[in-house]
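User: Hello! I am new to this structure and would like a friendly tour by question and answer. Could you help me get started?

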Amino acid sequence: MTMTETKYDVVIIGAGIFGMASAYYLLKNNNELKILVIDKAASAGAGNTAQSAAMYRDTFSSEVNLILSSTTRDFFRHVQNNLNINLSMKDITYLWLMDREKFERNKHAIETMLENNIRIDILDKNEIKQKIPELVTDFDENENVNLLGLKNIDYGILGYDCGELDADKITRDFYESEFKKLGGETLYSTRIKKFVLEPVGETLGIPGEPVGWQNKRVGAVETQDETKIIADTFILATGPWANELLLPIGIDSHALALKKSLYRVQTTRLAGLLDNEHFNEERTIPFMIFPIHGIYVKPVKYNNSVWIGGGSTIGHPYVMSCPDSYTPGENPLDDTQADPRDYEYDQYLILSEYLPVLKDQPLTNQWSGFYAINTIDKNPVVFKPAGIESLIIVTSGSGSGIMKSDAVGRIADALYRGKEFAELYGGKKFKVSRLGLIARDIDKEYFVI
Ligand SMILES: Cc1cc2nc3c(=O)[nH]c(=O)nc-3n(C[C@H](O)[C@H](O)[C@H](O)COP(=O)(O)OP(=O)(O)OC[C@H]3O[C@@H](n4cnc5c(N)ncnc54)[C@H](O)[C@@H]3O)c2cc1C
C-alpha cells in the first residue's frame, strides 16, 4: 500500500525528543489512534537531541521552568529506577561559579529556589578552593584579565538534583520503543518538503484553492519524492527546522535557530581534575558554569575528557533555510561541523585562565547543533496556530529541551485532546495554554547566568 492510500489520525513530523515524547503520550492516552512519526534522518533522536550535552537541572526561579524540568527529571528517574531502562542518568550536580556582583544580582532568585525546596548549597570561595584545588578563583589585575573581562570566583551555587543522562536512550529506548509497542509507526529517511493546505469542508474546484476567504486546514504533507501523506492532524516537531515548513504557509512560531557547539578535550592530564570526592557518587567534579559568557564544562570521567560549551552569543548569526531554496545536503541547519577556531579565540582563552590544566591541550573532537530559540521567553511552545485547522506545533527547546521534554510531550497530548490541563509526572496539573502563543503565561526567569 502506498503512503497516499493510507490515512493517519495523526502524523508527527520530527522524531527528536519532542516529537517522540508527544507520539508516546498521544498513543498511550488514545490507543485507538493510527499515528505515524516521520523524520528525514535514518533514526529517531538524530537531530539536535543527539548533539546536546543532555544535562538536566531544577535550579530555576521561574515556576514554569521549575515545573517543566523537575517533573521531566522525576519521570526520567522513574524510567531508570522503576522501569529498569538504563538512561545513564547520574545526578553529578551543577555548580554555578560567580563573582560577588553576580551573586548579589542572583540573591533573590537563590532565595526563591530555597523557598521552593530546590536542593542547593551556597559555597564560598574557601570551600570552592578546598573542593576543587585545580580552579583559579582570583586574578591579579593585569592586561589579559582586563582584556578578557575575567571575574573572580567568590561563590558557587551547587544544585544537587541536577545531572546528565543519555538523550538517545530516553528518546529511542523509551519513547520510541514504547510508542512502537503500542502500535505506532515510524517512517525515517523521509524529508517533508511542504504542508499541503486545503479548504475546510467542501472543495469548490476554484483554481488555487484554498483561496483567501476559505477556512484552511493542513490536509497532507508532501515528501521530497512528492508522495502525499494524509492525516486528520499534523504535529510539527522539527526543532530548528520548523520555519522551513511554517514560513511558506504564513505561520510564525517565534523560533530562531542559533548554532551551538561543543568541544572535547581528552587527556590523562585531566585525571586529577575529574577525580573528585566532594560532589557526587561518580566521584567527579560537577558540571560547572563559569562566571562569564555562560561557558560550561561537563566532566566525562570514564575517558578523561571534558566537554566545553557556552560562550558569547552576540556576533553569531541566526541561521535560516527554506526547503525550496537549498540543494539537498546543503541545508545550513544540517551543518554539524564546529569550527575549532571559535574555541581557540573564545572559550579557550577564558577557560584556560580558570582551569590552567587545559592550557595548550588540543581539541580531540567538536560538533555542533542548533538551539531552536523561542524569541519571547526561551521556553518551548506548544500551540495550534490561529487561522488554520489540524496543525499543532511543538518546538523551541531553546537549549533546555531535553530537560523539559517529558512535560512537553504530555502538554502536546493534552492540547490534541482538547484538555485545559495536562497532567505531568507526579500528578502536577499544568494549564496547556501557558505554553501557547495567545494566552502564553510564562513567569520571568531570574536565575540568569
Ligand atoms: C550543543 C547543544 C547542547 C545542548 N545541551 C542541552 C542540555 O544540556 N540540556 C537540554 O535540556 N537541552 C540541551 N540542548 C537542547 C536540546 O538538544 C534540544 O532542545 C532538544 O533536543 C530539542 O528536541 P526537538 O525534538 O525539538 O529537536 P530535534 O532533536 O532537532 O528534532 C527535530 C527532528 O526533526 C527532523 N526534521 C527536521 N526537518 C524535517 C523535515 N522537513 N522532514 C522530516 N524530518 C525533519 C530532524 O531530522 C530532527 O530529528 C542542547 C542543544 C545543543 C545544540
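Predicted model: local features only at pLDDT ≥ 70, side-chain atom pairs only at ≥ 80, totals over all residues.

User: How many of the 13 residues of H1 are buried, and is H1 enclosed or exposed?
Analyst: Helix H1 covers residues 17–29 and reaches 18 Å from its first C-alpha to its last, close to the 18 Å expected. The rest of the structure largely encloses H1, because the number of its 13 residues that are buried is eleven.

User: How many aromatic pairs does the structure hold?
Analyst: A pair of aromatic rings is described by the distance of the centres and the angle of the planes. Rings pair if their centres lie within 6.5 Å. The number of aromatic pairs in the structure is 18.

User: Are the rings of phenylalanine 174 and tyrosine 175 stacked or edge-to-face?
Analyst: Phenylalanine 174 and tyrosine 175 are both buried. Their ring centres are 5.3 Å apart and their planes meet at 70°. Planes over 60 degrees apart count as edge-to-face, so this pair is edge-to-face.

User: What about phenylalanine 287 and tyrosine 296: what is the angle between the planes?
Analyst: Both phenylalanine 287 and tyrosine 296 are buried. Their aromatic pair is tilted, with 5.1 Å centre to centre and an angle between the planes of 35°.

User: Which residues do ring pairs link into a cluster?
Analyst: Phenylalanine 174 and tyrosine 175 form an edge-to-face pair, and both belong to a cluster linked by ring pairs. The cluster consists of Tyr24, Tyr25, Phe75, Phe174, Tyr175 and Tyr425.

User: Which ring does the charged end of lysine 404 sit over?
Analyst: The charged end of lysine 404 lies 5.3 Å from the centre of a ring and sits over that ring. The ring belongs to phenylalanine 60.

User: Is serine 390 buried or exposed?
Analyst: Serine 390 is found in the loop between strand E19 (388–389) and strand E20 (391–395). Its relative accessible area is 16%. The cut-off is under 20%, so serine 390 is buried.

Note on methods
Residues numbered from 1 in each chain as written. Heavy atoms only, no water. Phe/Tyr/Trp six-rings, centres within 6.5 Å; stacked < 30°, edge-to-face > 60°. Buried < 20%, exposed > 50% of the residue type's maximum accessible area, 1.4 Å probe, protein only. Lys NZ or Arg CZ within 6 Å of the ring centre and 35° of its normal. Helix = DSSP H or I, 4+ residues; strand = E, 2+ residues; numbered from the N terminus. Expected span 1.5 Å × (residues − 1).
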